[in-house]
Amino acid sequence: MSRWLVLSVFFLVGCTVNGNYSAEGFACDEQDLCPSGFDCLAGLCSTLPAGFDGGNDKPDASEQACVPFVDLSDTFEGATLDAQWAPTTPNGTSLEQSGGVLRLTPGSINPIRFVRIRSPKLNFADRRASMEVVQMVDTATAAIAELRVTITNQDYFVIRQTGGDLQFGVVVADTLEVRAATPYSPQSHHWWQFRESDGELVAETSPDGQSWTEIGRVTHNEIPEFRVAVAAGTEELVNEPGSLHIDNVNSGSSLCE
């Protein structure tokens, strides 16, 4: 029986809003937390017992939903990229934002080039970083879209889509080792996330930014800080690579009482 089926036997309760209980199963987040004795489970208050893990050794669903975000936020407003992001735009690529959405467009004439934004070093211990994939590069081509957690420019962990496959991998000296792969689904893989837990980085996807499915994990040797990067590019000539559009960086429920 899956973890989510097991969870269905527990009753959901309301969170308090302005001192009053809301309807059953009300969503909880940073502003409207669950009352004492209840956990914020995938955005809803639940009586799930602490430590319940659905019969395996992975963190339970409430832990996944309630891990705080790294110190990085959604700021894709106006015409200028926020100072928390450092852009890289090789010749032929483009980076633009409007309406709160960031658009990364690979070049169609220059292979092996990536347009990228990268954060400063961030404390990742028991934290997470997520983003909504509003539009994917053309999945019928070899164009690439990535969410990276980086040690250096040449060494990083990655969630990657290319050629219609969603991959989780480790890059060492610019060489990718794919650890897991599955057919890409715009619906099931609409949100991407890296989450740190007990010396491991866990790669996850979600249809709604609330309930997450693990696609892979790797031990990171207790490195305390990482950079977050988002990239779109090609490793061969692609005539029509399309664009990667992202939104809602680190949005959703992150705290539990």
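Where pLDDT is low, the predicted coordinates should not be read in detail.

This is a predicted model, in which local features need pLDDT of at least 70 and side-chain atom pairs count only at pLDDT 80 or more, while totals for chains, interfaces and linings use all residues. Residues are numbered from 1 along each chain as its sequence is written, and side-chain values use heavy atoms, with hydrogens and water left out.

Colour the protein by pLDDT next: the average is 80, and 72% of the residues score at least 70. Residues 1-26 fall below 50, and this stretch has 64 contacts beyond near neighbours in sequence.

Now select strand β8, residues 113-118 (strands are DSSP runs of E, at least two residues, numbered from the N terminus). Strand β5, residues 86-88, runs antiparallel to β8 and is joined to it by three bridges; strands pair if DSSP finds at least two bridges between them. Here A86 has R118 as its bridge partner. Strand β18, residues 225-234, is also antiparallel to β8, with six bridges, and A231 of β18 stands opposite R116.

Finally, select F114, R148, N153, Y156 and D174, which lie nearest the centre of the largest pocket, among its 14 lining residues. β8 gives the most to this lining, with three residues.

Key:
pLDDT = per-residue confidence, 0-100. Contact = heavy atoms within 4.5 Å. Helix = DSSP H or I, 4+ residues; strand = E, 2+ residues; numbered from the N terminus. 1 Å grid on protein atoms, 1.4 Å probe; cavity = no way out; pocket = protein on both sides within 12 Å on 5 of 7 lines; lining within 4 Å.
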